[in-house]
Every structure is written in structure tokens, then in C-alpha cells.
Amino acid sequence: MKRLWVLLALMGALAFAQGNTITIGLTVSKTGKYNVESVNQLHGIELWQKWVNDQGGIPIGGKRYKVALKYYDDESKAERVQQLYSRLISQDKVDFLISPYSSGLTAKAAIISEQYGKIMVATGAASDSIFKLGYEHVYQIYTPASRYLTGTLDMLRAADAKLKKIAIVYEDSKFAKAVATAAKAYAQKKGFDVVLFEGYPKSTTDFGPIINKIKAAGAEALVGGGHYADGATFARQLYEQKVPLKMIALLVAPASDEFAQLGDAALGVVAPSQWEPLVKYQQTCGPSPAQFTKMYQDAYGKLPAYRAAGGFAAGLVLQRALMDAGTTDPAKVKAALDAMDVTIFFGHIKFSTDPASHGLQLGHEMVQIQWQKKGGQLAKQIVWPLGAKTADLVYPIR
Amino acid sequence: MPEILASVLDGLLIGLVYGLAAIGLTLIFGVMDVVNLAHGAVIALGMFAVYLLFGAGLHPYLGLFVVALIGLAFGVVVYLVAVRPIINAPPLMTLLSTFSVSMIIIGVGTAVWSTSPYNVNFPVTTLRILGYTVTSARLVAALAAVLVTGFLYYFLYRTTLGKAVRAVANNREAAELMGIPSQQILAISFGIGTALAMLSGALIATLFPFTILSGGIYELKSFVASVLGGLGNPTGALFGGVILGLIEGSVAPFIKISWTNVIEFVIFVLILLFFPTGLFGGRR
Amino acid sequence: MKLFARPFFWLIVAVTLLYALLPTLGQNVTLRETLVLSAIYIILAANLNLMIGYTGYVNFGSIVFFGLGGYLTLWLVGGHHWGLYPAVLLAGAVTSLLAFLLGIGVLRLRGAYFALATIGINEAVKDFVANFDPWGGAEGIFLPFTAFKAMGGPGKALWTVYLLIVLVMGLSLLVAYLVKRSKFGLGLFAIREDEDAAMVLGVKAPLFKTLVYSLSAFLPAVAGGLYFFKNGSIIPDEAFNLHLSIEAIVMVMLGGQGTVTGAAVGAALYERLRGLLLTIPGLSNFHLVIAGVLLLLIILFAPGGLMGWLYRAWPRLRRVLE
């Protein structure tokens with residue numbers, strides 16, 4: 001055993017001496033509106049880099065390649081993204097790309113990566129539309145918006161076969177609107193009566209008017225939301241106004257740990273999440289969910305959020321493709337990504353190869369979490385899919 | 001029907017707080033013809049001031065008094081640094097200088113607090129009155145807005161200093177000839193306007209979560225409310241705020257919420273075009 | 001034509017060529033992406049200057065033209081399969097016409113009232129577009145990849161668009177220069193100094209103001225069309241970003257309002273400054289503060305901007321640099 005380690009270390013040192021490095025370029029929103037999420041994602045990517053380099057690098061065709069990261073601050077602004085991705089490609093000569101955080105910024109970066117035929121693994125971008133524009137080199141890690149709430153609705157149907165009236169209320173942003181529109185169609189297919197389907201402006205802090213409408217429409221369950229700030233406020237005001245809803249499912253916000261600060265208002269709120277530390281996927285490559293969680297905790301002293309997991313997953317998917325291809329030749333790596341069908345700690349990963357939706361994530365599924373009281377403490381529990389659950393769904397909540 | 005009533009009542013309560021914010025803006029304009037583009041940033045400062053005081057153990061409603069004093073002092077400083085040297089320059093100059101103050105506040109605020117949301121988490125009770133559900137925080141915020149306005153009126157009409165402020169607002173040269181130290185009065189007025197903005201921010205912080213950028217939306221609402229009431233007219237601004245709240249509350253049941261802003265801004269532009277002195281007559 | 005005898009005309013040509021050739025010669029994409037922002041800023045500043053610097057009307061919402069141009073273009077190209085060239089020209093014309101109609105109304109307002117109204121217009125249009133489903137509402141418009149293929153693939157398309165944006169930049173400077181040297185421009189300057197007196201002297205102030213407002217909308221709208229085509233997508237928040245509008249005012253002030261050179265230099269400097277602040281670690285959190293302090297210092301101590309200072313130092317410069 002010891003000899004193997006020495007050998008590995010030697011090989012690693014050798015690889016390093018030969019200067020075999022793969023450089024991965026990206027932009028990070030160190031400032032601006034996405035700074036928290038984006039830096040979180042970067043932590044995941046950096047953890048992957050450390051993890052892979054500690055093993056001596058990525059074994060590709062008999063050689064080991066160290067991973068180097070090159071990134072700039074995009075200020076969460078679209079106009080910087082194209083400038084910086086061009087720079088990464090033409091000046092810094094990076095080999096592969098990872099997307100910025102958010103669908104909006106990823107769409108801008110995708111045009112540049114496509115222009116040069118550079119492979120870009122997109123994490124933190126759940127939009128479907130980017131992958132329906134005819135791009136050939138962009139690959140999505142997240143479950144796309146169109147499938148974001150389908151699990152939630154399946155769960156609701158399983159919990160209550162008689163429930164009819166649901167309200168879908170969403171933030172007027174690209175992401176939330178796409179999710180809500182897809183959820184509406186799915187809800188109707190499942191036999192729900194969507195009594196209210198409405199967006200609220202991004203900066204909304206006063207949900208009074210919306211809540212009055214939910215009451216007036218007589219909705220029995222609510223799905224919707226948008227991002228963190230609005231979702232937290234919405235949940236709080238729903239609680240204060242004592243709206244009699246049997247289930248409340250909101251995007252994004254309840255999946256964050258900060259949501260616990262809402263206290264009783266958080267209780268019972270459901271959220272779809274890309275990933276949770278408690279998931280039990282049987283990975284076929286890379287670390288297990290528990291190993292990843294431990295690594296992350298050791299490095300950053302807190303539980304990983306799904307964005308960090310997505311960052312690590314992006315790196316791992318790229319690594320897997322390189323190993324499968326056995327070469328760094330972009331065309332071969334692209335072929336490996338197209339053919340990929342693996343389960344990692346993040347879940348099942350498989351990309352669409354249909355020209356009309358190339359790169360769209362087909363494999364990965366959302367898990368549903370619910371805030372429940374456990375020993376007097378608020379905690380997230382996985383309640384769906386049934387195979388992965390850590391607790392039963394509490395239903396109805398009010 | 002009760003839902004519509006509930007919606008209108010909600011609008012009325014929040015409208016009073018919009019009104020308070022608008023008074024801060026309109027008072028400064030009325031006295032010195034300066035449109036304070038730092039208004040939104042100052043509102044956000046009020047939010048963070050009450051948040052920090054709350055963190056230090058002060059109840060938000062007691063914190064309001066401290067916030068008012070901080071606002072007064074901060075306003076005087078802003079006036080002396082950024083407004084006084086160019087008080088007689090074309091309006092573009094004061095627009096830009098107050099905007100640069102806004103950039104500085106928001107820049108420092110972003111560096112310190114990032115743009116993540118903050119909450120003033122204090123216990124709120126929910127009241128039920130004839131089927132209408134309302135939180136105590138909303139009632140108190142509306143009441144506080146009315147009380148502060150009443151106090152402002154007492155100050156403007158019953159105290160010597162307040163009368164001096166009105167005199168300077170009416171005619172600065174004449175007031176100076178009467179021996180009123182107009183520069184000091186202008187500084188104090190700017191301070192009062194800033195204090196009102198910070199107070200309204202503090203009240204909003206007791207209702208909703210906020211970020212350093214949250215002031216922007218209330219700044220726009222303050223513009224709309226003060227233009228509705230006639231720029232420079234404090235009573236008008238309060239009513240402008242109430243009208244704005246009532247519009248939000250009464251149209252909400254009938255249209256998609258996201259159209260409310262469109263309606264507000266269209267009304268804003270139309271009022272500017274056809275009733276530039278506002279619905280209640282302003283000071284031009 | 002007398003225009004060709006003017007050194008300033010040749011200066012504009014030289015700057016435009018410099019912008020066009022610098023990145024093209026070495027096929028330097030990074031430089032291109034830096035210069036494209038610089039060129040966009042110059043376009044916005046030069047056209048805004050027509051309102052602020054020449055006419056004395058503070059348009060806080062000038063970005064609404066840029067955004068509308070972008071939306072119209074992407075809607076025509078993406079939704080109706082128009083070519084880029086006719087689409088941007090129509091977008092420019094329609095935006096300009098809208099500005100004319102709008103101008104008849106809002107230009108009756110003066111000073112702070114006009115400034116507030118322009119903010120209101122931008123916000124109203126932004127919120128309207130966010131609700132307007134034919135333009136994708138809050139989701140915006142995404143261009144299909146075929147739109148780039150029609151122009152020889154995205155690589156070639158982006159170069160073409162870059163050169164077009166530089167052309168629009170050159171035209172903006174030229175228009176700013178021609179207006180300044182014309183009788184029309186003289187009328188505008190008279191309005192800036194004293195609108196009522198100008199009317200007494202026979203300047204048709206309402207017509208002049210409306211025309212210049214409409215003119216200041218055309219090239220920014222074309223630039224918006226090109227820029228968002230290059231981005232491949234457009235959403236309301238990016239298109240009608242009030243902040244960029246106000247940054248454009250900072251650029252004009254920085255360089256010196258009312259001067260062609262000032263607006264251009266101010267814009268280019270501002271872009272460099274921002275880029276610099278962002279790349280210096282530790283300062284990137286404070287770039288807004290630094291920009292704010294800079295603006296305040298200019299207003300308090302150098303209201304004429306860079307050009308004002310240069311003119312005072314070398315009065316003869318006034319004749320060369322307009």
C-alpha cells in the first residue's frame with residue numbers, strides 16, 4: 001500500500017515536472033447581486049481542483065494533468081462577461097470553460113465559447129432556453145427550469161389525491177417565470193386547477209396584494225417564488241397573514257440554510273433543491289455525497305449548499321469526460337460528454353444530444369426538502385423522492 | 001368583496017409610510033429647489049441604522065428616535081459637503097452631487113453589508129379585525145408616519161425655527177433681509193429631510209427585509225408621491241403617498257400585480273405633463 | 001466641402017480608424033471586447049451630450065433609447081427573421097420617432113421636472129416590457145444561433161458587429177461636431193443659456209428641443225441593436241439599466257459637458273478607470289465609492305470637466321479640440 005502511495009506521489013511529481021496542466025477558465029461574481037451564490041459555487045470548484053490535484057491530477061491517456069483555474073470578477077454584469085471570456089480564451093489560452101453563475105450571464109458567455117468551439121460546462125444555470133438556441137459546446141449540470149417543480153407537484157398529488165385548487169405565484173425573472181410556466185402546464189396535466197397564475201416584480205418586499213389574491217382565489221396549495229430575498233419575505237408574510245394553505249413550496253429560498261432564521265414561518269415550507277448533503281446517490285465515480293460533504297466541511301467549516309456541490313460536479317464531469325476521452329483533444333472530449341451517462345455524488349448526469357436541445361441536462365432530478373422540527377430544532381428533511389427521503393412529508397401544514 | 005377591502009386597507013397603511021418618505025424628498029425640494037438623488041440611499045441607511053441599533057439591544061420603535069437624530073446630523077453634513085458649495089449652480093449640478101453621495105453611500109454599504117437581505121427580527125402580533133388580518137408592525141408604522149408628520153407640522157407652523165424654514169422656502173433673499181441666517185436654515189432643512197427619509201426607511205425595515213439597494217424602489221415611489229402631491233408641498237406628499245398606496249391596493253385585485261408599477265410610472269409621467277404642480281398645488 | 005478642411009473632422013476619422021484597426025490587425029479579441037464597451041460608452045455620452053451639454057436638459061433616462069433599439073432589433077431578427085442591417089436601421093428610426101412624439105410632451109417640462117420625467121419614462125418602459133409577452137416579458141429575447149450563422153458564424157458576426165459599432169461611434173462624434181457647428185446647434189446653446197430669451201430672439205425652442213431629443217435617440221438605438229445582437233440576448237433589466245444612464249452623465253461631466261472631445265474622452269477614461277478599479281484587488285469592492293468621490297470632486301472643483309481645465313490651461317486648444 002505504502003509503495004503505491006509513493007508511486008502515485010512520484011507520478012504526480014513527474015506529471016508536475018513535465019508541466020502537464022489543464023487550465024479551466026471562468027468568471028466569478030465576486031461583487032454585485034450574485035456574489036454570495038457565485039462565490040459559493042467557486043468554493044465547490046476550488047475544492048474539486050484541490051481534490052483532483054491532491055491525487056496527482058487527472059489521468060488522461062497514461063499521463064497526469066494538474067488542474068489550474070483562471071478566473072476574473074464579472075461584477076454580476078453581462079457586459080463584463082463577454083469581455084472576460086474572450087480574454088480567457090484568446091489571451092489566457094484556457095483549455096476548458098466553466099460558466100458564470102446564473103442563466104443570464106451563462107447565455108452571454110455561451111456565445112463566446114461557441115464562437116471558439118470551446119467546451120463550457122454550465123453550472124448555476126437552470127434555464128432551458130440557452131440550450132435551445134443551437135449551441136453545440138455547452139453542457140448543463142443543473143436540472144433545467146422546466147423540470148424544477150414537477151417533483152413537487154407529483155409529491156402533492158401523492159399526498160392528497162383530492163386537492164384541486166393551487167396557486168402558482170412567481171417572481172418576474174427569467175428563471176422563475178420559466179419554471180412557473182412549465183409547472184402550470186404540468187399541474188394541469190396532473191388534474192390540478194390553477195386558480196391563480198401570476199408574477200410579482202423582482203424588487204417586491206410587500207406581498208400583501210398577492211396574498212390577498214391567493215386568499216380571494218381560495219387556493220389550497222401554493223407553489224412558486226423566485227430567489228432568496230423574495231422567497232424568504234413571501235414565506236414570512238404568508239405566515240403572518242395566516243393564509244390557510246395545505247402546502248407551500250417555494251423556489252430557492254427554503255433550500256438555503258439561512259431560511260431557518262424565519263423561525264416558525266419556515267416550518268412546513270417545501271422547496272425543490274438541486275442537491276442536499278443528506279442525499280444518498282450511489283455514485284459510480286468521484287466522492288460519495290457524504291465524502292464530499294465532509295471534505296467541504298473540513299475546508300470551509302460549514303455544510304455545502306447545492307451551488308457549491310454544483311461547482312464541484314462541474315469540475316468532476318469535465319474530469320470524467322477527459323478520462324473517458326483519454327486525450328485533451330476538444331472534439332474527443334465533446335464526444336465523451338455527449339456519450340456520458342454516469343451517477344456522481346450530485347446525481348445522475350446525462351446530456352441531450354438532440355440538435356434542438358443539445359447539452360440540456362436530462363438525467364439529474366430535483367429532491368424536495370421540507371423544514372421540519374426535529375428535537376425542537378428547525379431542520380431540512382428530504383421528503384421526496386420516496387427512495388431518498390429522510391422524513392415523511394408533513395401535510396397539511398396549516 | 002372583503003378581499004378588495006383588505007387590499008385597499010393594506011394600501012392605505014403602507015401609503016402613509018410612502019408619504020413619510022416623500023415628505024423628506026419634497027421638503028428639501030421645497031426649501032432649496034434641490035432634488036435629492038441620495039434619497040433612496042438615505043432610506044436604506046435608515047433601514048440599516050435601525051437594524052444595527054436593534055442588534056445592540058434597542059427595540060426598533062425606541063430606535064426610531066436615535067435614527068432621527070442620526071439622520072439630522074448626517075443630513076447637515078451632506079448638505080455642507082455636497083450641496084452648499086453649489087447651491088446656486090444650475091439644477092444639474094445638485095442632481096449630480098446628490099447622486100454622487102448616493103453612489104458613495106451605496107458603495108460603502110455594499111462593501112460593508114454586501115447586497116444580501118437583512119431582517120429586523122422582533123416579535124410581531126397578528127390582529128384580526130372583522131375578518132381583516134393585519135400585523136401590529138403595519139399599524140404601528142402607519143401610526144408613526146402620521147405622528148411624525150403631525151410633529152413636523154407643529155414644528156413648521158408653531159416654532160420660530162420652523163417659521164424661519166418656511167420663510168426661506170418662500171423667498172430666500174427676503175428672508176435674509178429679515179435677518180434669518182439662510183445657510184443655517186438650509187442646512188437644518190436638509191437635515192430634517194434626511195431624518196424623515198431615514199425614519200421612513202427605519203419603519204419599512206420593521207415590515208420587510210431589505211438590502212443596501214432597497215432604497216431605490218422607495219426613492220422612485222417618493223418621486224411619484226411627491227409629484228402627485230405637488231413637488232415642494234409636504235401635505236401633498238403625504239396624500240400623494242396615500243393615493244399611491246390606495247392605487248396599489250385597489251387595482252391589485254383586478255390586474256396582474258406586475259402591471260402596478262407600469263400604472264404608477266405612467267401616472268407619474270402624466271401628472272408631470274398635465275398637472276406639473278401636482279393634484280394639490282405645489283411650489284414651482 | 002468645407003468639412004474636409006477642418007482638422008477636427010480628420011481627428012474623428014483618425015480615432016474611428018484607430019478603434020477599427022487596433023484589434024483587427026492582430027485579431028485581438030480581448031482588445032476588441034474592451035474597446036467595444038469603450039465605443040458604446042462614447043456613443044451614449046456623445047448623444048447624451050446633445051441634450052445635457054448643448055441644450056441644458058438633463059436626460060436621466062437616456063438609456064431607454066439604447067434598450068428600445070436593442071429590443072426592436074432582437075425582436076425583428078429573432079422573431080421575424082430580418083437581416084441585422086435593416087433591423088437596426090428600422091429600430092433606430094422607430095425609436096427616434098417615438099422620442100419625437102414623447103419629446104413634444106416631456107420637453108415642456110424644465111429643470112428637475114424634466115429630469116424626473118425621464119426617470120419615470122425609463123422605469124415605465126422597463127416595467128412595461130417586463131410584462132409584454134410578445135417580447136418575452138421578464139424572460140427577454142434569446143437569439144437563435146442561426147442568426148449568427150447567417151453572418152458567417154458567430155466569430156465573423158462578432159467582428160462585423162464590432163466594426164459597425166465603431167462606425168456608429170464615429171457617426172456619433174461626427175453628428176455631435178456638425179450639430180455644434182451648425183445654426184441648429186447655436187439655437188440649442190441659446191436655449192441652454194436662457195430659454196426664454198432665446199425664444200424672444202426667434203429660436204423655435206419647442207421644435208429645436210424636440211428635434212435634438214429625437215436625434216439623440218437615433219444612434220444610441222442603433223448601437224443598442226448592435227450591442228444586444230452581439231450579446232445574443234436581451235432582458236429588461238439589462239436593456240433599461242438606469243444606472244448606465246447615470247454613468248453616461250458622469251462620463252459627460254468628467255470630460256466636460258458641451259464639448260465633443262470631452263464627452264468622448266470622458267467616456268473612454270471612465271471605461272478604463274472602471275476596468276482598472278475592478279482588477280486591483282481590494283479596490284473592486286470600492287469602485288462605486290471611488291466613482292462617486294470622483295464625480296463629487298469634479299462637480300465641486302472642476303465643473304467644466306477635463307476639457308474645461310485644459311481650455312483654461314491652454315486657451316488656444318479651444319480652436320482645435322471642439
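Let's start with burial in chain A: 58% of its 398 residues count as buried. Please keep in mind that we are looking at a predicted model.

What is chain A built from? Its secondary structure comes to 11 helices and 15 strands. If you draw a box along the principal axes, the C-alpha atoms of chain A fill roughly 70 × 45 × 35 Å.

Now, contacts. Take those in chain A between residues at least 6 apart in sequence: 66% of them join residues at least 24 apart.

How confident is the predictor? For chain A the mean pLDDT is 90, and 95% of the residues reach 70 or more. One stretch to watch is residues 12-17 of chain A, where the pLDDT is below 50. Beyond near neighbours in sequence, that stretch has 11 contacts in the model. A friendly reminder here: where pLDDT is low, the predicted coordinates should not be read in detail.

Let's move on to chains B and C. Here, 33 residues of chain B are in contact with 34 residues of chain C. Which elements of chain B give two or more residues to the side that touches chain C? They are helix H4 (91-113), helix H9 (215-229) and helix H11 (259-274) of chain B. H4(B) provides the largest share of that side, with 15 residues. And what classes of residue do we find there? The side of chain B that touches chain C has 27 nonpolar and 6 polar residues, and no charged ones.

Definitions and conventions:
Residues numbered from 1 in each chain as written. Chains lettered and ligands numbered in written order. Predicted model: local features only at pLDDT ≥ 70, side-chain atom pairs only at ≥ 80, totals over all residues. Helix = DSSP H or I, 4+ residues; strand = E, 2+ residues; numbered from the N terminus. Buried ≥ 20, exposed ≤ 12 C-beta atoms within 10 Å, placed from the backbone. Contact = placed C-beta atoms within 7 Å. pLDDT = per-residue confidence, 0-100. Nonpolar A, V, L, I, M, F, W, Y, C, P; charged D, E, K, R; others polar.
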